[in-house]
Amino acid sequence: MNANFREKLDEHIENQRDFYKSMFFDILRFETVNPPGNEEAMAKYVLSQVEGTNSTCSLQYVKPDRPNALAELSFGKSGKKLVWNAHMDVVPPGESVNWNTEPFAPVEIDGKIYARGSSDDKGGLMSMIIAYRTLQELQPELNGSVLLCGVMGEETGGMGTKYWVEQGGKADAAIVGEPSKMELVVAHRGAYRPIFGFKGRTAHSSEPDLGDNAIYSAARFVCRVAELNEEFKASGHPLTGSPTIAATVFQGGVKNNVIPDYAEVSIDRRLSPGETYDDAEKQLLEVLKQMQEKGEIGEWELVRYLNNKGAAACDLQDPLVLELQDVLKERSYKDDVCGMRATTDMYLMQDVGIPTVIFGPGDMGLAHCPNEYIQFQEILDAAKIYAELAVRYLQ
């Protein structure tokens with residue numbers, strides 16, 4: 001990229017610092033807690049900030065009152081399409097006593113902006129809005145388009161991005177703006193989350209031998225799960241580490257003087273890139289089969305799944321990865337690739353053939369925590385990188 005244009009781009013963003021900070025505060029005030037989401041008002045606000053020259057905006061309703069905010073900035077019909085994806089919904093803030101500030105009344109302290117969603121993921125979305133407006137105002141000579149996707153429902157299964165894909169969403173490449181500490185993430189783990197039910201036979205607790213205690217069967221399975229997690233540590237992906245498994249919810253029993261005839265266990269099995277839901281399921285079903293054959297458990301059932309998500313990895317030689325590495329290196333950032341142990345919407349686009357990476361301001365370690373914050377300068381710096389990458393990718 002021409003150094004003069006980079007300087008012009010950076011200066012254009014920095015000169016509007018106060019304006020963009022005010023806009024970010026507006027975005028943080030939207031209480032898009034999921035569930036239920038309530039993303040509609042925020043989606044309309046986002047589109048109001050990017051409508052204008054060469055921009056086509058639309059609300060893509062996934063559920064009543066819950067749309068994706070889509071805005072496409074076109075520079076030419078025959079070029080590539082680059083997607084910027086970030087989510088509008090946030091997790092509940094938790095008990096206010098754990099916060100030093102009000103979760104939806106953003107404040108700035110020493111350059112850090114505190115609010116629920118500041119880092120996950122409204123910071124990344126704000127950077128993309130800034131980058132979008134910058135390209136819109138500077139009008140570089142490019143060919144192709146940038147599609148800004150402010151998606152709903154990421155925190156409960158990625159339903160916004162999934163719906164966009166199912167409705168025929170296509171692109172040549174995509175960036176997910178999750179907080180990555182300004183590092184280039186090219187892989188993340190997936191999640192297989194089954195619930196297993198264990199059956200027994202009820203009896204009076206004064207005569208436990210007359211019954212078949214379902215909690216005991218479930219507990220033996222939980223102990224085997226803990227052993228599996230230790231076994232997994234011997235293998236793994238070079239960027240995301242070892243797969244993991246944990247029992248996360250245990251429910252059973254009806255009364256303290258009744259032997260329980262049913263118990264349920266929820267499992268969270270994190271998948272490494274290259275592993276599938278089927279791989280994880282076959283493994284657990286085999287464990288259950290062996291335990292049943294040994295008489296360690298009785299009858300059991302697979303009850304249902306909770307928010308299964310796939311693992312993902314992008315080709316390290318894809319032009320998107322190489323271009324972004326060049327941008328980061330020239331701006332004196334680390335250009336090494338890394339992995340993320342959490343799960344994002346990346347896999348939904350990667351699975352349909354859209355090369356996708358994760359890059360954004362903020363720290364995933366602050367996500368879902370009280371006193372969540374983000375450095376505002378990082379939002380501006382990420383916007384510069386998004387805009388420059390778009391220029392390089394679409395030239």
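This is a predicted model: local features need pLDDT of at least 70, side-chain atom pairs count only at pLDDT 80 or more; totals for chains, interfaces and linings use all residues.

Reader: How do you know that the axes of helix 1 and helix 10 come within 10 Å, and at what angle do they cross?

Author: Residues are numbered from 1 along each chain as its sequence is written, and side-chain values use heavy atoms, with hydrogens and water left out. Helices are DSSP runs (H or I, at least four residues) and strands likewise (E, at least two), numbered from the N terminus. Axes are lines fitted to C-alpha atoms, for helices over the stretch in contact, and angles run from 0 to 180 degrees between N-to-C directions. For helix 1 (residues 3-14) and helix 10, the axes come within 10 Å and cross at roughly 145°.

Reader: What makes helix 8 and helix 10 oblique to each other?

Author: Angles under 35 degrees count as roughly parallel, over 145 as roughly antiparallel, 65 to 115 as roughly perpendicular and the rest as oblique. The axes of helix 8 (residues 319-330) and helix 10 (residues 376-394) cross at roughly 130°, and helix 8 and helix 10 are therefore oblique.

Reader: Which residues of helix 8 and helix 10 meet?

Author: Contact means heavy atoms within 4.5 Å. By that test, residues of helix 8 including Leu320, Leu324 and Leu328 meet residues of helix 10, among them Ile385, Leu389 and Tyr393. By class, this contact has eight nonpolar, no polar and five charged residues; here Ala, Val, Leu, Ile, Met, Phe, Trp, Tyr, Cys and Pro count as nonpolar, Asp, Glu, Lys and Arg as charged, and the others, Gly among them, as polar.

Reader: What makes a space count as a cavity, and what makes one a pocket?

Author: On a 1 Å grid over the protein atoms alone, a cavity is a set of points where a 1.4 Å probe fits but cannot get out; a pocket is an open set with protein on both sides within 12 Å along at least five of seven lines, and lining residues have an atom within 4 Å of a point. The count comes to one cavity of 30 Å³ or more. Its lining includes Asn85, Ala86 and His87, and strand 3 (residues 80-87) gives the largest share, three residues.

Reader: Which residues lie nearest the centre of the largest pocket?

Author: Glu155, Arg193, Lys309, Thr343 and His368, out of 14 lining residues. The lining has three nonpolar, four polar and seven charged residues.

How values were computed. Grid points are joined across faces, edges and corners, and a volume is the space filled by probe spheres set on the points.
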